[in-house]
Amino acid sequence: MTARTRIMLWLLAVMCVVFAGVVLLVRGFLLADVDRRINAGLEQEVGEFRDFAAEATDPRTGRRLVDPYEVVQTHLRSQYPEQFEIHLGLVRRQDRLHSVRQGDPPYDVRQDTALLRRIADDPAPTGQFVTPAGPLRWAKVRALPPADQPGLTPAWFVTGFFVDGVRAPAESAVRLLLIVSLFGLVLAAAVAWVVAGEILAPVRAVRQAAAEISEQDLTRRIPVRGRDDIAALAEQFNAMLDRLEEAFNAQRRFVDDAGHELRTPITIVRGHLEVMGDDPQERAEVVRLCTDELDRMHRIVEDLLLLAKAERPDFVRRGPVYLPELTSDIDAKVRALGDRRWVLEAIGEGEVWLDEQRVTQAVIQLAQNAVQHTGPGDEIRLGSARREGRVSFWVTDTGPGVQPDEVEKIFARFARGSAARGDRGGAGLGLAIVRAIADAHRGSVRVVSTPGQGATFGLDLPEGEDVSRTIPMTTWPPVGSEGSAPTEETP
C-alpha cells in the first residue's frame, strides 16, 4: 500500500469517526427533544382535563355535569389533537369498555379491546405499549362522580402519542445528515488523494532519482520547491548525492592516480627482473634498483592514502597550539632535510587553534620542495606570523621560481613545474597534500614568485573559527606583523 493511499485512508478513518460522532450526538439530541415534547404534551393534556373536571360545567349551556363519562365526552369535544396524537374517553359498563375517540391517529385504538383493557387496568398513570403503528406512549386521568352521587360509573380520560410518528421528522433530519456526511467523506477522499499526491510528489521524485542513480551517473539532482519539510528532504538528498559523488570521484582519482604512478615502477622492476643474469654484481645492482623503485612505490601509496583521507571530515583535528613553540619545532625538523642555509626570519606570538601535526606536515613538505629546487649552501627562509585573525607559515627559497601560468597547476596531483629537477623530482603529490591540509583548515595556500629569483610558498589559515578575513597578497608573507623576527642561520 502506497503512502498516498495510507494518508487518504487515515484521513477517511478520522473523518468517519468524527462524522459518526456528530450523527450520533445530533440524533440523541433530536430524540431527547422529541421525548421531552411528548412528555410535556401528555402533562399538558392531563392538566387541562383535571382543571375541566374540577369545575365540571358544560361551556355551551353552563349546566353542571354530574356523570363522569359525560365530563369526558364534553372535554373531548373541545380538544383538537395534533398529528400522531389521540384522545380517548373510556367507561366500564357491565364488564365492558366503551370508548369515544377524538382525532385521526394512524391506528384506531378503539378497535383494540385488549389494548384498551390493559390501559384501563394499569395502575400507573402513564405508560407505553406497542401497537401495529409503533409504540404508543399514554397518560390517563380518572374522572370520579360527585360525592353526593356515588353510584355513577367512573370514566377515564386517556391521551397518547404514537412515538414513531412524532420522531419521524427527527429521523429524517438524521438521515439527511448521514447522506451529507457520506458525500463529505467522498469529497474528502478525493481532496486527500489529490493533496497527498501533491505533497508526496517530491518524495516520489527522490525515490525515482534514487532508483536511477548508479556509480556511473551521480549527477542527477532533485529540484527543490518551497520551504517545507519535503523541500528540506530534497535538499538533504541532494547534499547526500554531492557527498557520494565526491566520494566516488575521490575513489576514481585514487585508483587512476595509483594506476598511473605505480605502472612505471612496476614496469621498471619487472623489466630488470626479467633480464637479470647470473652475475653477482649484476644481481646486486638489480636488487638495488628494485629496492629504490619499491621505496618510491611505497611513498606514492602513502601520499595517495593521505590525499584520500583528506576527503574525510575528521582529516584535521584542531586544538590549542602555542605558535612560537610550533614554529621552533618545525624549524628544528626542516634543518635535517638538506645541507642548506636555513634562516628562521619570523615567529608569530600567542595561541592559535590548529591541527599541529597536519600543519607541521604541510610546512615540512614545503621545505622539502624548496630543498629539491635549491643546491647545497643555498638560503631557505621560513617563518610564521599572526595578523587580523589569521596565522601564516611560509618557506622562501632561492631556486628557479614558478612561472605565472603554473601557479595553479603545480598544486594538482602528479603535476610538476617546468623548473623541476629531474633527478630530484618527486611523484608530484607534495604540493597537492599541502593544499589538502590548507583546505581542511578552511584556509588557503599561497605562492609569491618571480621566475629566476626564487619563490615563497606558504599557508594562510584562520587562527580560530572565524574564516571571513584573509591577508592581502600585497602584504604577504606578513614579516613584521604581530610576533618577533629573529635571524637564525645555520652555515
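**Entry 1: helix α1**

I started with helix α1, whose 53 residues reach 78 Å from first C-alpha to last, close to the 78 Å expected at 1.5 Å a residue. Here the expected span is 1.5 Å times one less than the number of residues. I took helices (H or I, at least four residues) and strands (E, at least two) as DSSP runs, numbered from the N terminus. Just after α1, I noted that Ala56 takes a positive phi of about 50 degrees.

Before going on, I wrote down two things about the source. This is a predicted model, where local features need pLDDT of at least 70 and side-chain atom pairs count only at pLDDT 80 or more, while totals for chains, interfaces and linings use all residues. Residues are numbered from 1 along each chain as its sequence is written, and side-chain values use heavy atoms, with hydrogens and water left out.

**Entry 2: α1 against α2**

How do α1 and α2 pack? I found α1 (residues 3–55) and α2 (residues 68–77) at an angle of about 125 degrees, with their axes 10 Å apart. That makes α1 oblique to α2. For the angle words, under 35 degrees counts as roughly parallel, over 145 as roughly antiparallel, 65 to 115 as roughly perpendicular, and the rest as oblique. The axes are lines fitted to C-alpha atoms, for helices over the stretch in contact, and the angles run from 0 to 180 degrees between N-to-C directions. The crossing of α1 and α2 is right-handed. A crossing is right-handed if the near helix is turned clockwise from the far one by less than a right angle, and left-handed if anticlockwise.

Within α2, I looked up Thr74. Thr74 counts as buried, at 5% relative accessibility. My cut-offs were these: buried is under 20% relative accessible area, exposed is over 50%, and partly exposed is in between (1.4 Å probe, protein chains only). The side chain of Thr74 makes a polar contact with the side chain of Arg77, at 3.2 Å. A polar contact is a pair of N or O atoms within 3.5 Å; within protein, one must be able to donate a hydrogen and the other to accept it, and residues adjacent in sequence count only if both atoms are side-chain atoms.

**Entry 3: another threonine**

Next I turned to Thr159, in strand β5 (residues 155–162). Is Thr159 buried or exposed? Thr159 is buried, with a relative accessible area of 1%. Its side chain makes a polar contact with the side chain of His87, at 3.4 Å.

**Entry 4: salt bridges**

How many salt bridges does a search of the whole structure find? The search finds 15. I counted a salt bridge where a side-chain nitrogen of Lys or Arg lies within 4 Å of a carboxyl oxygen of Asp or Glu. A reminder to myself: side chains of opposite charge can pair when their charged atoms come close.

One joins Arg60 and Asp58, at 4.0 Å from N to O. Arg60 is exposed at 65% relative accessibility, while Asp58 is buried at 6%.

Another joins Arg288 and Glu285, at 2.4 Å from N to O. Both sit in helix α6 (residues 280–309), 3 residues apart, about one turn of the helix. Arg288 is partly exposed at 41%, and Glu285 is partly exposed at 37%.

Salt bridges that share partners join Arg341, Glu345, Glu379 and Arg381 into one network.

**Entry 5: helix α8**

I finished with α8 (residues 356–372), whose 17 residues should span 24 Å at 1.5 Å a residue; its end C-alpha atoms are 24 Å apart, which agrees. At the start of α8, a side-chain oxygen of Asp355 reaches to within 3.2 Å of the backbone nitrogen of Gln357. Buried residues of α8 include Val359, Val363 and Leu366. Gln368 is also in α8, and is partly exposed at 26% relative accessibility. I found Gln368 and Val395 27 residues apart in sequence and 9.8 Å apart in space, C-alpha to C-alpha.

α8 packs with helix α9 (residues 430–440) at an angle of about 150 degrees, their axes 9 Å apart. The two are therefore roughly antiparallel, and their crossing is left-handed.
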